[in-house]
Amino acid sequence: KSRMTALEMLNHPWVKGETAKKGKITDSEKKLKGFRKYKSGLEAKVFASMVQFADTRDSEDAARKTSLLARSFQSIDSESRGYITTKDLDATNTKEKEEDPHLSLSGFSDLLSEHMKNVYLPAGHIIFEEGDKGDSMFFLNSGRVEVTTRDGFKTTTEQGDFFGEGVLVKKEGGRSATMKCLTPIHAIEIGRDYFEKYVADGFEIELALIERDRLRRQERAKSILRLQDRLNSEVIEKGDYVYTKWEDGDDIFLLEDGLVDIDVDGNSVYTVKAGELLGEYSMIFGRNRNTNARCVSEKCKIEVMELKDFEGMIKANPSIRDGLRDVVFRREFKKALAYATKKPFPSTEAELKEAFEKIDLDKSGLINFDEIRVLLREMDKTFTDDDIAQILESLDLDGAGKIQWAEFKRIFGMHCQNAY
């Protein structure tokens, strides 16, 4: 009989934990027994931790080299003892137990393996293809994965990130991209049933997943725009304007190099960086410019696309309009806030909270349609109710028809501030 390959060994049910419960030694089973009543809560906590790690995966290189489960374990084992106890999982349990079982990282992994399945795949393997139906998402524990779409978008994702969440968040449709292993990978797969349990009581985690899915669609749209060959290059000097308020908006711009500040009556709203778009408002709404765009670096190199070319591209790639939708609508909200407050858009959480409370006229802790309408029409009376409804929808991550502080902070908070 031929010897198993390394990949076959890693995918063996015993290694993946699928049959482990039947053959655990007595002492191991005894140790795990005391933790089983905490299992559901522990899984939800680990899931939330892995989503959070993806949010901050660029912050610490050493942390990114640690497995996702090990990082989750360390977040619970705050005293770095090398084990956790039931007391670590139950904050209400203040009683000292003589025989409170200790759970090591190995036991921790065993406990979670039933619903958080380990998946090992070779380089070149297609995890799923664009359009496929899907019932699970993946956290990438190690390796790199290529992301491609039929309309030409291409990027990569790596250790610490997650993918495949779109079909679970939207609950309809198929996979939005093809995922191919560039290297051998180790991923943690979570099915729909348990995904829904994990996010049921974790509102902010659900918001993080919804927002990540939206950001992916935005990046896809912007990347496809960069691939267009019908662009004209221009160089703008520092202090000069790309466009000014009330000009006709017959072009959309891609900033290749430099920094462009977008302001409303002299109050900075956001800064466009290399690789980002500007001037999209007029193309989407069909109206004159409502802001100024000024080069604030030594030089700004821009690529210009004319209206007819943009319309042709949108017709050929409808996903681009969908991807740009949130970018455009959220920027309009930011412009309106800067106009109303006569201040630059908030740059700290305290300023952001103050702005939220200013918009919340009835002090309900929620921003509703009427309050957004007041804000937007103070800047631009031509906004229709349909325009306002779409802007609200771009900010309303949970679809409740109102914006909570958690949503507002997630979208405009410091870690996302430069996304729009």
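**Cores, a sheet and a disulfide in a predicted model**

The largest nonpolar core has 51 residues, and Val242, Val260, Leu278, Phe333, Ile372 and Phe408 have the most contacts inside it. Helix H15 (residues 318–341) gives the largest share of this core, eight residues. This is a predicted model, where local features need pLDDT of at least 70, side-chain atom pairs count only at pLDDT 80 or more, and totals for chains, interfaces and linings use all residues. Residues are numbered from 1 along each chain as its sequence is written, and side-chain values use heavy atoms, without hydrogens and water.

Me: What makes a set of residues a nonpolar core?
Reply: Its members are buried Ala, Val, Leu, Ile, Met, Phe, Trp, Tyr and Cys residues joined through side-chain atoms within 4.5 Å. A second, separate core of 31 residues includes Val51, Phe53, Ile76 and Ala208.

Me: Why is Cys295 called buried?
Reply: Buried means under 20% relative accessible area, exposed over 50% and partly exposed in between, with a 1.4 Å probe and protein chains only. Cys295 has 0%, so the term applies. Cys300 is also buried, at 0%.

Me: How do you know that a disulfide joins Cys295 to Cys300?
Reply: The cut-off for a pair of cysteine sulfur atoms is within 2.5 Å. Their S to S value is 2.2 Å, so the pair counts as a disulfide. The structure holds one disulfide.

Me: Why is this disulfide called right-handed?
Reply: The torsion about the S-S bond of Cys295 and Cys300 is about 90 degrees, so it is right-handed.

Me: How do you know that strand S11 and strand S16 pair?
Reply: Pairing needs at least two bridges found by DSSP. Strands (E, at least two residues) and helices (H or I, at least four) are DSSP runs, numbered from the N terminus. Six bridges join S11 to S16, so they pair.
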